[in-house]
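Thanks for coming, everyone. Please bring the structure up on your screens, and I'll walk you through it.

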Amino acid sequence: MKKIALHWQIMIGMLLGILFGFLMTSFSWGKGFTNDWIAPLGTIFVNLLKLIAVPLILASLIKGISDLKDISKFKLIGGRTILIYIVTTIIAITIGLLLVNAFKPGNGITQETIAKLTAEYAGNAKISERIAEATKQKESGPLQFVVDMVPQNAIKAMSNNKMMLQVIFFAIFLGISMLLIKPDQSEPLKKFFDSLNEVVLKMVDLIMLTAPFAVFALLANVVVTSDDPDILLALLRYAGVVIFGLALMIVFYCVMVAVITKKSPLWFLKQISPAQLLAFSTSSSAATLPVTMERVEEHIGVDKEVSSFVLPVGATINMDGTSLYQAVAAVFIMQVLWPEGLTFSNQITIVLTALLASIGSAAVPGAGMVMLVIVLEAIGFPSDKLPIGLALIFAVDRPLDMLRTTVNVTGDATVSMVIAKSVGKLGSPRVKNWDDDFNGK
């Protein structure tokens, strides 16, 4: 019997999880049962992915740089990566602004809905936390995000997944230093990281065996903890604009793949689909990173020299889906609460602020909402209306977060293919299964 492809297994798990979640909502004990006995399975899976994220980035990035043999190649890859990430982010924000101005989703929100959302969410602890974090970010100096990239203690940086940029900095610094000493002196260290990289990738294969069951648990928990259906219906027009914009970004990536790499967009989406589905289920680019790297390297054929730099950096600073969401959410809130602020200059400010915030707020928990606060404050949005504005979109933030994370991951994979093609490092897929070496022992 032919084995079902992984992406189909994950999709089946997601569908069953959604159906199970809806079934549990019909019982008084359903939510408690799901929280106690189902949700922990998803949490364990996400924790396993986060567990190997730092070792994978460290080993993969150091191996990739040390394999270059020439620092100028790294400079070429790094420069093109940052440039393309900036361009795609600007395109995402622009698409968001064009759509929200064309469809005007804020015009359909009644005062009754505003009052209901305000009563439900304006005093929410998470909203207050996001506002406080954004205020802290705004008060920091313009180069603070650069300061935050340089760790005081490498071991401490590796102990916290929120310090991913610091781990990347240390790995790049170490990899470049290895290139600058005699090959016989760097060889033992290089072999260690080569070996560590292979072991961690095998751990990814083992963890992915449980992916269908994990997404079942994650989606079931999302359904049973979802908000009031009436509120979600009222925000359907706003959510629809965001979803349409995110879909256009996927189309844009497919065009990039077809035009620049000469690969089939459908083939690309099929190869990257397990990472996309996990991004949707976990709402975390960082947690999905080990899977994204495995799919891009083994199933698409991007050389590790490229993927080891492009993907970790992208998971940290490239937020196309989130940036598009900033544009739509900011203008939607203004349409409802501050229509007089909808000037051309303010919308240009949104583009620039969202671009900078996507880099500066990369390592902040709940980055999407924090970035939105920064964007709104940059255009002079009334501070007394800020909690109400966040309350407007908070009810649908979780499902939209799942979708924009999927777009973020797809963008990272697309850019890695484009960079690899530009430097002649896009080869044939070299798939490795979890039991390739098991039967021979």
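**Buried charges and a helix**

Let's start with Lys 304. Lys 304 counts as buried, because its relative accessibility is 11%; buried means under 20% relative accessible area, exposed over 50%, partly exposed in between, with a 1.4 Å probe and protein chains only.

A word on the source. This is a predicted model, where local features need pLDDT of at least 70 and side-chain atom pairs count only at pLDDT 80 or more, while totals for chains, interfaces and linings use all residues. Residues are numbered from 1 along each chain as its sequence is written, and side-chain values use heavy atoms, with hydrogens and water left out.

Which side chain meets Lys 304 in a salt bridge? Glu 297 does, at 2.7 Å from N to O. A salt bridge here is a side-chain nitrogen of Lys or Arg within 4 Å of a carboxyl oxygen of Asp or Glu. Glu 297 is buried too, at 5% relative accessible area.

The structure holds ten salt bridges. Another one pairs Asp 397 with Arg 404, at 3.3 Å. Asp 397 is buried at 13%. Arg 404 is buried at 3%. There is also a network: Lys 63, Asp 67, Lys 190 and Asp 194 are joined by salt bridges that share partners. Inside it, the closest N and O atoms of Lys 190 and Asp 194 are 3.2 Å apart. Both residues sit in helix 9, residues 183-208, four residues apart, or about one turn of the helix. Helices (H or I, at least four residues) and strands (E, at least two) are DSSP runs, numbered from the N terminus.

Next, helix 13, residues 265-282, which holds Ser 281. Is Ser 281 buried or exposed? Buried, because its relative accessibility is 0%. Among the residues Ser 281 touches are Met 14 and Arg 398; contact means heavy atoms within 4.5 Å. Ala 275 lies in helix 13 as well. Ala 275 is also buried, at 0%. Its contacts include Thr 288 and Val 409.

Now the whole chain. How many helices and strands does the chain have? It has 20 helices and zero strands. Of its 441 residues, 52% count as buried. The C-alpha trace spans about 70 × 50 × 45 Å along its principal axes. Finally, of the contacts with a separation of 6 or more, 84% join residues 24 or more positions apart.

Methods:
Lists of a residue's contacts leave out its neighbours within four places in sequence.
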